[in-house]
Amino acid sequence: MEKMIRRLAMFFIGINLLAAGIILNTRSDLGVAAFTSFSYALSKIAGISLGSASVLVYLALIGVQFLLLQKVSVPVLLQIPFSFVFGILTDFYDFIVPEMALSLWLRFLLLAAAIWLTSIGVYLYTNCRLVMTPVEGIVQTIADKWSFKFSLVKNCFDLFMLLLTVSFCLLLRQPVFGIGIGTVLSALILGRMIGIYEKLIGRKG
(Lines give C-alpha, C1' and ligand atoms only; values in the text may rest on other atoms or scores of the structure.)
Protein backbone atom coordinates (compact mmCIF):
# COMPACT_ATOMS: atom_id res chain seq x y z
CA MET A 1 0.00 0.00 0.00
CA GLU A 2 2.79 2.38 0.95
CA LYS A 3 4.61 1.57 -2.29
CA MET A 4 1.49 2.34 -4.32
CA ILE A 5 1.04 5.67 -2.52
CA ARG A 6 4.63 6.58 -3.40
CA ARG A 7 4.03 5.64 -7.03
CA LEU A 8 0.84 7.71 -7.18
CA ALA A 9 2.60 10.68 -5.60
CA MET A 10 5.47 10.36 -8.09
CA PHE A 11 2.97 10.08 -10.93
CA PHE A 12 1.08 13.20 -9.83
CA ILE A 13 4.28 15.21 -9.45
CA GLY A 14 5.59 13.96 -12.78
CA ILE A 15 2.58 14.91 -14.90
CA ASN A 16 2.39 18.34 -13.28
CA LEU A 17 6.09 18.98 -13.93
CA LEU A 18 5.57 17.84 -17.51
CA ALA A 19 2.58 20.13 -18.10
CA ALA A 20 4.36 23.07 -16.44
CA GLY A 21 7.51 22.39 -18.48
CA ILE A 22 5.53 22.36 -21.74
CA ILE A 23 4.02 25.77 -21.01
CA LEU A 24 7.31 27.29 -19.78
CA ASN A 25 8.86 26.11 -23.02
CA THR A 26 6.28 28.10 -24.98
CA ARG A 27 6.75 31.13 -22.70
CA SER A 28 10.47 31.24 -23.48
CA ASP A 29 9.46 32.44 -26.95
CA LEU A 30 12.35 30.42 -28.37
CA GLY A 31 10.17 27.64 -29.77
CA VAL A 32 7.89 25.06 -28.18
CA ALA A 33 9.01 21.61 -27.01
CA ALA A 34 9.62 19.31 -29.98
CA PHE A 35 7.05 16.70 -28.94
CA THR A 36 4.45 19.48 -28.52
CA SER A 37 5.28 21.22 -31.80
CA PHE A 38 2.61 19.50 -33.89
CA SER A 39 -0.08 20.11 -31.26
CA TYR A 40 0.97 23.75 -31.01
CA ALA A 41 0.87 24.25 -34.78
CA LEU A 42 -2.52 22.52 -34.95
CA SER A 43 -3.87 24.78 -32.18
CA LYS A 44 -2.77 27.90 -34.07
CA ILE A 45 -4.08 26.76 -37.46
CA ALA A 46 -7.39 25.41 -36.11
CA GLY A 47 -7.86 28.23 -33.58
CA ILE A 48 -8.27 25.92 -30.58
CA SER A 49 -6.48 25.67 -27.23
CA LEU A 50 -3.18 23.83 -26.90
CA GLY A 51 -4.83 21.32 -24.58
CA SER A 52 -7.60 20.58 -27.08
CA ALA A 53 -5.13 20.19 -29.94
CA SER A 54 -3.01 17.92 -27.75
CA VAL A 55 -6.02 15.65 -27.10
CA LEU A 56 -6.59 15.24 -30.85
CA VAL A 57 -2.94 14.35 -31.41
CA TYR A 58 -2.99 12.00 -28.40
CA LEU A 59 -5.99 10.09 -29.77
CA ALA A 60 -4.15 9.61 -33.07
CA LEU A 61 -1.06 8.31 -31.22
CA ILE A 62 -3.24 5.89 -29.26
CA GLY A 63 -4.52 4.51 -32.57
CA VAL A 64 -0.93 4.00 -33.75
CA GLN A 65 -0.11 2.13 -30.53
CA PHE A 66 -3.00 -0.28 -31.13
CA LEU A 67 -1.69 -0.90 -34.65
CA LEU A 68 1.82 -1.60 -33.34
CA LEU A 69 0.59 -3.88 -30.55
CA GLN A 70 -2.00 -5.56 -32.82
CA LYS A 71 -4.31 -6.00 -29.84
CA VAL A 72 -6.50 -4.03 -27.47
CA SER A 73 -4.36 -3.21 -24.46
CA VAL A 74 -5.85 -1.95 -21.18
CA PRO A 75 -2.85 0.34 -20.42
CA VAL A 76 -3.31 1.96 -23.84
CA LEU A 77 -7.09 2.21 -23.38
CA LEU A 78 -6.46 4.07 -20.11
CA GLN A 79 -4.55 6.67 -22.10
CA ILE A 80 -7.86 7.82 -23.62
CA PRO A 81 -9.39 9.33 -20.44
CA PHE A 82 -5.93 10.39 -19.31
CA SER A 83 -5.47 12.32 -22.58
CA PHE A 84 -8.47 14.49 -21.75
CA VAL A 85 -7.27 15.01 -18.17
CA PHE A 86 -3.79 15.98 -19.34
CA GLY A 87 -5.26 18.29 -21.98
CA ILE A 88 -7.16 20.11 -19.22
CA LEU A 89 -4.00 20.22 -17.09
CA THR A 90 -2.05 21.72 -19.99
CA ASP A 91 -4.68 24.41 -20.49
CA PHE A 92 -4.66 25.07 -16.73
CA TYR A 93 -0.93 25.86 -16.71
CA ASP A 94 -1.34 27.81 -19.94
CA PHE A 95 -3.90 29.95 -18.10
CA ILE A 96 -1.98 30.54 -14.86
CA VAL A 97 1.52 31.07 -16.31
CA PRO A 98 1.62 34.64 -17.67
CA GLU A 99 3.24 35.83 -20.85
CA MET A 100 6.61 37.39 -20.02
CA ALA A 101 8.73 40.04 -21.72
CA LEU A 102 12.24 38.74 -21.04
CA SER A 103 15.72 39.54 -22.24
CA LEU A 104 17.38 36.97 -24.48
CA TRP A 105 19.53 35.44 -21.74
CA LEU A 106 16.53 35.14 -19.40
CA ARG A 107 14.57 33.44 -22.18
CA PHE A 108 17.36 30.87 -22.54
CA LEU A 109 17.38 30.44 -18.76
CA LEU A 110 13.63 29.84 -18.82
CA LEU A 111 14.08 27.39 -21.68
CA ALA A 112 16.71 25.48 -19.69
CA ALA A 113 14.35 25.32 -16.70
CA ALA A 114 11.52 24.14 -18.96
CA ILE A 115 13.58 21.32 -20.49
CA TRP A 116 14.82 20.28 -17.04
CA LEU A 117 11.29 20.20 -15.58
CA THR A 118 9.97 18.32 -18.60
CA SER A 119 12.74 15.70 -18.47
CA ILE A 120 12.21 15.07 -14.75
CA GLY A 121 8.45 14.95 -15.24
CA VAL A 122 8.73 12.39 -18.04
CA TYR A 123 11.20 10.26 -16.09
CA LEU A 124 9.15 10.31 -12.88
CA TYR A 125 5.76 9.43 -14.23
CA THR A 126 6.86 6.93 -16.90
CA ASN A 127 8.92 5.13 -14.26
CA CYS A 128 5.72 4.59 -12.25
CA ARG A 129 4.34 2.40 -15.03
CA LEU A 130 0.77 3.53 -14.28
CA VAL A 131 -0.74 5.54 -17.14
CA MET A 132 1.32 7.38 -19.73
CA THR A 133 0.50 10.25 -22.01
CA PRO A 134 0.21 8.86 -25.55
CA VAL A 135 3.45 10.67 -26.45
CA GLU A 136 5.49 8.70 -23.94
CA GLY A 137 3.17 5.72 -24.44
CA ILE A 138 4.09 5.34 -28.09
CA VAL A 139 7.77 5.87 -27.26
CA GLN A 140 7.53 3.13 -24.62
CA THR A 141 5.66 0.84 -27.04
CA ILE A 142 8.35 1.21 -29.69
CA ALA A 143 11.12 0.79 -27.10
CA ASP A 144 9.53 -2.40 -25.74
CA LYS A 145 8.62 -3.86 -29.13
CA TRP A 146 12.11 -3.54 -30.61
CA SER A 147 14.15 -3.56 -27.37
CA PHE A 148 15.48 -0.02 -27.71
CA LYS A 149 16.36 2.31 -24.85
CA PHE A 150 13.50 4.62 -23.96
CA SER A 151 15.75 7.69 -24.09
CA LEU A 152 16.97 6.83 -27.62
CA VAL A 153 13.44 6.35 -28.95
CA LYS A 154 12.40 9.58 -27.20
CA ASN A 155 15.12 11.50 -29.04
CA CYS A 156 14.12 10.02 -32.40
CA PHE A 157 10.41 10.62 -31.80
CA ASP A 158 10.97 14.26 -30.88
CA LEU A 159 12.96 14.82 -34.06
CA PHE A 160 10.23 13.09 -36.07
CA MET A 161 7.55 15.37 -34.56
CA LEU A 162 9.70 18.38 -35.44
CA LEU A 163 9.93 17.30 -39.09
CA LEU A 164 6.22 16.44 -39.16
CA THR A 165 5.30 19.91 -37.87
CA VAL A 166 7.40 21.70 -40.48
CA SER A 167 5.96 19.51 -43.26
CA PHE A 168 2.38 20.02 -42.00
CA CYS A 169 2.69 23.82 -41.93
CA LEU A 170 4.37 24.01 -45.32
CA LEU A 171 1.78 21.68 -46.88
CA LEU A 172 -1.03 23.95 -45.67
CA ARG A 173 0.96 27.04 -46.71
CA GLN A 174 0.94 28.30 -43.14
CA PRO A 175 3.74 29.89 -41.09
CA VAL A 176 5.84 27.31 -39.28
CA PHE A 177 4.31 27.93 -35.86
CA GLY A 178 6.31 27.43 -32.68
CA ILE A 179 9.53 26.19 -34.25
CA GLY A 180 12.71 27.84 -33.01
CA ILE A 181 16.08 27.17 -31.45
CA GLY A 182 14.28 26.04 -28.29
CA THR A 183 12.43 23.35 -30.26
CA VAL A 184 15.66 21.99 -31.72
CA LEU A 185 17.40 22.08 -28.34
CA SER A 186 14.54 20.25 -26.63
CA ALA A 187 14.57 17.59 -29.37
CA LEU A 188 18.33 17.07 -28.97
CA ILE A 189 18.60 17.38 -25.18
CA LEU A 190 15.42 15.99 -23.61
CA GLY A 191 15.97 12.34 -24.45
CA ARG A 192 19.63 12.57 -23.42
CA MET A 193 18.68 14.03 -20.03
CA ILE A 194 16.23 11.18 -19.46
CA GLY A 195 19.05 8.82 -20.41
CA ILE A 196 21.23 10.37 -17.70
CA TYR A 197 18.49 9.75 -15.11
CA GLU A 198 18.22 6.14 -16.33
CA LYS A 199 21.95 5.63 -15.76
CA LEU A 200 22.18 7.46 -12.44
CA ILE A 201 18.89 6.36 -10.87
CA GLY A 202 17.78 3.40 -12.94
CA ARG A 203 14.54 2.52 -14.65
CA LYS A 204 11.93 0.24 -13.17
CA GLY A 205 9.27 -1.90 -14.78
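Me: Buried means under 20% relative accessible area, and exposed means over 50%. With that in hand, does T133 count as buried or exposed?

Reply: Good place to begin, and please keep in mind that this is a predicted model. T133 has a relative accessibility of 1%, so it counts as buried.

Me: Where does T133 lie?

Reply: Look at the loop between α6 and α7, and you will find T133 there.

Me: What does T133 touch, not counting residues up to four places away in sequence?

Reply: Contact is a matter of heavy atoms within 4.5 Å. Setting aside residues up to four places away in sequence, T133 touches L18, Q79, F82, F86 and Y125. With Y125 there is also a polar contact: the two side chains are joined at 2.8 Å.

Me: F86 is on that list. Which residues is F86 in contact with, leaving aside neighbours within four places in sequence?

Reply: F86 is in contact with I15, L18, A19, I22, Y58 and T133, once those sequence neighbours are left aside. Several names return when you turn to the core. Of the 50 residues in the largest nonpolar core, those that touch the most other members are F11, I15, L18, I22, F35, F86 and F157.

Me: Which helices supply at least two residues of this core?

Reply: The helices that each supply at least two residues are α1, α2, α3, α5, α6, α7, α8 and α9. Of these, α6 gives the largest share, with ten residues.

Me: Which residues of α9 are buried, and what covers them?

Reply: The buried residues of α9 are G182, T183, S186, A187, L190, G191, M193, I194, G195, Y197 and E198. Their cover includes α1 (2-27), α2 (37-46), α6 (104-127) and α8 (150-171).

Me: How many residues of α2 are buried?

Reply: Seven of the ten residues of α2 are buried, and the helix is mostly covered. The buried ones are S37, F38, S39, Y40, A41, L42 and S43. They pack against α1, α3, α8 and α9.

Me: Which residues have a positive phi although they are not glycine?

Reply: Q70 is one of them, with a phi of about 55°. Q70 is found in the loop between α3 and α4, and with a relative accessible area of 71% it is exposed. R173 is another non-glycine with a positive phi, also about 55°. R173 sits in the loop between α8 and α9, and its relative accessible area of 78% makes it exposed.

Me: Is F12 buried or exposed?

Reply: F12 is found in helix α1. Its relative accessibility is 54%, so F12 counts as exposed. Here is a sequence-against-space comparison too: F12 and L124 are 112 residues apart in sequence and 9.1 Å apart in space, C-alpha to C-alpha. For another pair, Q70 and A60 are ten residues apart in sequence and 15 Å apart in space, again C-alpha to C-alpha.

Me: How many disulfides does the structure hold?

Reply: To find a disulfide, you look for a pair of cysteine sulfur atoms within 2.5 Å. The count here is zero.

Note on methods: Residues numbered from 1 in each chain as written. Predicted model: local features only at pLDDT ≥ 70, side-chain atom pairs only at ≥ 80, totals over all residues. Heavy atoms only, no water. Buried < 20%, exposed > 50% of the residue type's maximum accessible area, 1.4 Å probe, protein only. Helix = DSSP H or I, 4+ residues; strand = E, 2+ residues; numbered from the N terminus. Core = buried A, V, L, I, M, F, W, Y, C linked by side-chain atoms within 4.5 Å. Polar contact = N/O pair within 3.5 Å; in protein donor to acceptor, adjacent residues only side chain to side chain.
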